[in-house]
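User: I have a model open and want to learn how to read its features. Can you take me through them?

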Amino acid sequence: MEKIQRILVVYYSRSGFTQAIARQLARSCHADLEAIVDDSGRSRVVGYARSAVEAALHLAPEIAPSRHRPSDYDLVVIGTPIWFWNIASPVRAYIKRHRSAFRRVAFFCTMGGSGDAKVLRDLKYLCGRPAVATFSVSDAEISGRKHRQRLTEFSAALTASPSLLRGYQRRRIAALSDPMTGR
Ligand SMILES: Cc1cc2nc3c(=O)[nH]c(=O)nc-3n(C[C@H](O)[C@H](O)[C@H](O)COP(=O)(O)O)c2cc1C
């Protein structure tokens, strides 16, 4: 049975939520971890406003060179905070720089509470391929440690065989289109 061998978890985090998930995920699926680094000041009101504008206009700021080569990995897991219902601009810059090197991709996003379905869709289009699995989580769930079970399932999907992944994807699609949750 085919097994995914090498996994890279790549993320950008302004205030620590995405970093927390990325670290937990990398630990549970024995992945390497890459933090996207940019030098734009993103703290305080000015930094918040700049981040919102960059995300809304789909801008890609300058980011530092990466420590890992995505072409060395069977699967690249990309994590982004949601900014103004969009992919965070440093993550957009990373994907634009590296997307030709991706083999398989998976996505996760962190959020205050809305925009995940759109952002997961945008990630798929920006990467030019569907995800083997996706995961979205709110700050409240992370703070209350209510995300653990779902994160474990996401992590298991990343390391599962392709046939098991197809079952996971079917369940995710059903959950996303659930009219009761609206997600
Ligand atoms: C500029 C900006 C815009 C944001 N826009 C949204 C949004 O549209 N929807 C949402 O649910 N949360 C939004 N948030 C909240 C973040 O997505 C959320 O707090 C996320 O977990 C932050 O991740 P981080 O701590 O890794 O930076 C926004 C945060 C920032 C800084």
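Analyst: We go from the overall fold to strands, core, helices and ligand shell.

This is a predicted model: local features need pLDDT of at least 70, side-chain atom pairs count only at pLDDT 80 or more, and totals for chains, interfaces and linings use all residues. Residues are numbered from 1 along each chain as its sequence is written.

User: How many helices and strands does the chain have?

Analyst: Helices (H or I, at least four residues) and strands (E, at least two) are DSSP runs, numbered from the N terminus. Here the chain has seven helices and six strands. Their order from the N terminus is β-α-β-α-β-β-α-β-α-β-α-α-α.

User: What share of the chain counts as buried?

Analyst: A residue is buried if 20 or more other C-beta atoms lie within 10 Å of its own, exposed if 12 or fewer, and partly exposed in between; the C-beta atoms are placed from the backbone. Of the 183 residues, 37% count as buried.

User: Which residues cover the two faces of β3?

Analyst: One side has Leu75, Val77, Gly79, Pro81 and Trp83, and the other has Val76, Ile78, Thr80 and Ile82, all buried. Nine of the nine residues of β3 are buried, so the strand is largely enclosed by the rest of the structure.

User: Which way does β3 run against β5, parallel or antiparallel?

Analyst: Two strands pair if DSSP finds at least two bridges between them. β3 and β5 run parallel, joined by seven bridges. In that pairing, Thr80 has Cys109 of β5 as its bridge partner. β1 (residues 7-11) also runs parallel to β3, through five bridges, and Val9 stands opposite Val77. β4 (residues 86-87) pairs with β3 in the antiparallel sense over two bridges. There, Trp83 stands opposite Asn86. Two residues lie between the strands of this hairpin, and Phe84 takes a positive phi near 55°.

User: Which residues touch the most other members of the largest nonpolar core?

Analyst: A nonpolar core is a set of buried Ala, Val, Leu, Ile, Met, Phe, Trp, Tyr and Cys residues joined through C-beta atoms within 7 Å. The largest one has 45 residues, and Val9, Val10, Val77, Ile78, Ala106, Phe107 and Leu158 touch the most other members. Elements that give two or more residues to this core include β1, β3, β5 and α6.

Take Phe107. Two residues are in contact if their C-beta atoms, placed from the backbone, lie within 7 Å. Not counting residues up to four places away in sequence, Phe107 touches Ile78, Leu120, Leu123, Ala131 and Thr134.

User: Why does Ser155 count as buried?

Analyst: Ser155 counts as buried because it has 23 C-beta neighbours inside 10 Å. The residue sits in helix α6 (residues 148-158). Leaving aside neighbours within four places in sequence, Ser155 is in contact with Leu25, Ser28 and Cys29. Gln24 is 131 residues from Ser155 in sequence, yet 9.4 Å away, C-alpha to C-alpha.

User: What covers the buried residues of α3?

Analyst: The cover includes β1, α2, β3, β4 and α4. Seven of the ten residues of α3 are buried, so this helix is largely enclosed by the rest of the structure.

User: Which residues are closest to the ligand?

Analyst: A residue is near a molecule if its C-beta atom, placed from the backbone, lies within 6 Å of it. The ligand is surrounded by 22 residues, the closest being Ser13, Thr18, Pro81, Met111 and Gly112. α1 (17-28), α2 (44-56), β3 (75-83) and β5 (104-111) each supply at least two residues of the shell.
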